[in-house]
Amino acid sequence: MVQNDTLRNVAIIAHVDHGKTTLVDAMFKQSGVFRLDQRVDDRVMDSMDLERERGITIAAKNCAVTWHGVKINIIDTPGHADFGGEVERALSMAGGAILLVDASEGPLPQTRFVLSKTLAAGLPVLTVINKIDRKDARVAEVLNEIYDLFIDLGASEEQLDFPVLYAVGRDGVAMKKPDDPREDLTPLFEAILEHIPGPAHDPAEPFQMLVADLDYSDYLGRLAVGRIVHGRVEAKENLVCVHEDGSVAPLRVTKLQVYDGLRLKEAASVEPGDITVLAGIDDVAIGDTICTRENPKALPRIRVDEPTVVMRFGINTSPLAGCEGKIVQSRAIEERLDKESLRNVAITVEQTEDKEAFLVKGRGEFQMAILVETMRREGFELSVGRPQVILKTDAAGGVLEPVERLYVDCDEAFMGVVTEKLAQRKGRMLNCVNSGTGRVRLEFSVPSRGLIGYRDEFLTDTKGTGIINSYLEGYDAWRGDFPTRFSGSIVADRPGVAVAYALFNLEPRGTLFVEPGDQVYEGMIVGEHNRDNDIDVNPTKGKKLTNLRAAGKDENVILTPVKKMTLEYALHFVRDDELVEVTPQSIRLRKSELSAHRRYQMAGAKRKPRENAWKKRTTVLE
């Protein structure tokens with residue numbers, strides 16, 4: 001094997017908000033990607049609107065910088081557990097990784113996940129302890145925690161001997177020791193060239209490239225992105241694509257591109273080990289191998305962890321369907337979901353018996369919410385159900401469910417309510433650490449279904465001061481049922497426009513979701529009931545008018561302000577018999593069966609077997 005020392009392929013891995021994208025910004029500025037007088041936005045790698053709004057990285061992205069004649073391909077990976085498939089896909093292109101850890105928070109659950117995938121791939125790791133300028137930084141303790149994490153994950157002796165740098169990504173400085181002068185990122189670039197090896201290839205092997213990402217161009221069509229494992233490729237060359245089933249499809253390279261900073265640059269040929277963007281094939285999927293026609297040999301495919309959450313996507317069947325969105329057909333929704341499954345290896349789409357609905361499987365409810373929000377902004381109208389966990393069965397026929405390791409950091413005063421809420425959701429406390437600073441760190445083993453909808457509740461219980469993180473631990477025996485919601489729904493029983501007079505009289509019944517002037521329809525959920533049962537109401541009822549006037553009869557109706565409905569809250573709120581209606585302008589809640597009469601009949605049919613069983617038992621006792 002021969003190493004290409006003019007290249008380095010590096011993935012930056014970390015937990016959410018530990019400073020990956022900010023550090024990449026500084027690397028751009030100091031490597032000459034931007035002019036000295038050029039004005040650029042912060043977090044330039046967060047190119048999606050949702051990424052900028054939420055302050056997180058959702059999709060892995062590629063870029064490149066040059067340092068002392070060596071090209072460094074940088075892969076910025078997501079830090080949220082629900083987007084773990086992006087991390088696994090990105091690591092297939094990397095020859096090493098930079099592990100970024102916050103100097104105060106230390107290694108967190110997603111740090112464990114991304115590091116385990118990196119060590120399993122046998123990649124060398126360069127550790128950077130970031131944000132050492134924080135007042136609560138605990139550099140020595142965090143470094144010990146990192147060593148403990150490496151040992152816990154079964155790192156080899158070579159991997160345990162990792163280099164350590166200290167950085168302040170916001171200021172664009174890195175040091176070999178915390179007390180060294182803070183000048184620039186030169187120590188980081190030098191460490192990358194020294195400790196991350198260049199990509200190795202076999203000169204005797206023909207051209208092979210593993211497709212790790214897909215893109216689309218209006219001018220070039222489908223684009224395949226990946227690292228060249230062996231050989232060279234030239235534009236206009238005739239190649240083949242080896243699919244998962246072993247079939248071979250011919251292709252002609254219409255255009256070759258490589259990364260140059262944030263942009264793509266056309267190239268006549270690409271050398272081994274470089275990350276390239278290849279145009280000229282329509283039928284390609286992530287994990288396929290592009291190689292020569294004379295030697296169509298496939299590389300090991302990218303394998304990701306199985307999905308744990310499934311959600312129903314369907315067309316919008318409410319009376320207001322088609323009023324706000326441009327794309328409402330089931331065919332268009334299916335095509336969009338299939339396109340998403342091609343670009344995201346962690347998502348799979350399945351057909352249902354109902355031709356107008358589809359089952360989408362993924363890593364978590366947050367990943368599903370991002371997908372729904374993206375489709376909504378593209379003009380889609382659709383209805384989605386509550387996220388459900390994917391169950392398995394063991395050899396003895398027992399039911400297994402996904403279980404997560406949950407880490408909680410909160411004030412000592414909120415420990416009781418957090419423990420109580422998680423115990424109701426079948427959580428088991430594994431560890432409790434009280435350092436005497438007024439905050440406690442708790443560790444739980446909780447079913448994944450118990451965390452659906454709990455994060456919003458957790459922020460309310462801890463008054464916004466708590467921190468919660470988790471990662472998938474595996475599958476365990478079913479821990480029993482528990483209530484997902486202790487309240488019922490207030491459901492409209494007729495179509496019309498909501499009236500202030502009616503809503504004012506409904507306020508004592510619970511929390512309302514609609515305002516005066518909003519369109520409602522039969523089966524639409526207009527509020528949350530104080531009790532655990534559903535009630536049908538008339539939010540369109542107006543005040544009876546007479547020709548008599550009296551003092552005190554015409555007071556202004558003052559309503560409690562309505563909390564704006566968010567997509568995440570809606571997905572957590574709905575029950576199994578309810579749906580979320582999503583349009584580009586609105587988010588509404590509704591019953592799966594809109595007819596109040598039909599719902600009454602269905603409830604009666606469910607009660608009848610229980611009543612018959614009770615009568616039979618009473619007769620036996622008599």
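How many helices and strands does the secondary structure of the chain come to? The count is 15 helices and 37 strands, where helices (H or I, at least four residues) and strands (E, at least two) are DSSP runs numbered from the N terminus. The model is a predicted one, so local features need pLDDT of at least 70 and side-chain atom pairs count only at pLDDT 80 or more, while totals for chains, interfaces and linings use all residues. Residues are numbered from 1 along each chain as its sequence is written, and side-chain values use heavy atoms, with hydrogens and water left out.

Now for the overall shape. A compact globule of 622 residues would have a radius of gyration near 25 Å, and the 28 Å of this chain agrees with that. The radius is taken over C-alpha atoms, and the globule rule is 2.2 Å times the number of residues to the power 0.38. Along the principal axes, the C-alpha atoms fill a box of roughly 90 × 65 × 60 Å. Of the 622 residues, 51% are buried; buried means under 20% relative accessible area, exposed means over 50%, and partly exposed is in between (1.4 Å probe, protein chains only).

What about contacts along the chain? Taking those with a separation of 6 or more, 71% are between residues 24 or more positions apart, and a contact here means heavy atoms within 4.5 Å.

Next comes the inside. The largest nonpolar core holds 65 residues, and Ile129, Phe150 and Ile290 have the most contacts within it. A core of this kind is a set of buried Ala, Val, Leu, Ile, Met, Phe, Trp, Tyr and Cys residues joined through side-chain atoms within 4.5 Å. Helix α5 (residues 139–152) gives the most to this core, with six residues. There is also a second, separate core of 30 residues, which includes Met311, Ile315, Met375 and Leu382. Going back to Ile290, and not counting residues up to four places away in sequence, its list of touching partners includes Phe207, Met209, Val211, Leu239, Cys241 and Leu278.

Some single residues are worth a look. Asn73 lies in strand β4 (residues 70–76) and, with a relative accessible area of 1%, is buried. Ser445 itself sits in strand β28 (residues 439–447) and counts as buried because its relative accessibility is 7%.

Among the contacts of Ser445, leaving aside neighbours within four places in sequence, are Val403, Glu473 and Lys426. Lys426 is found in the loop between α10 (415–424) and β27 (428–434). Phi of Lys426 is near 65 degrees, a positive value in a residue other than glycine, and the residue is partly exposed at 29%. Lys236 also has a positive phi, of about 70 degrees, although it is not a glycine. Its place is the loop between β12 (233–234) and β13 (238–242), and its relative accessible area of 48% makes Lys236 partly exposed.

Phe380 belongs to the loop between α9 (365–377) and β23 (382–384), and at 6% relative accessibility Phe380 counts as buried. Leaving aside neighbours within four places in sequence, Phe380 is in contact with residues including Ile327, Met375 and Pro584. One of these, Met375, is included in the second core. Lastly, Pro187 is in helix α7 (residues 186–195) and is buried, at 16% relative accessibility. Its contacts, neighbours within four places aside, are Leu165, Ala174, Met175 and Lys176.
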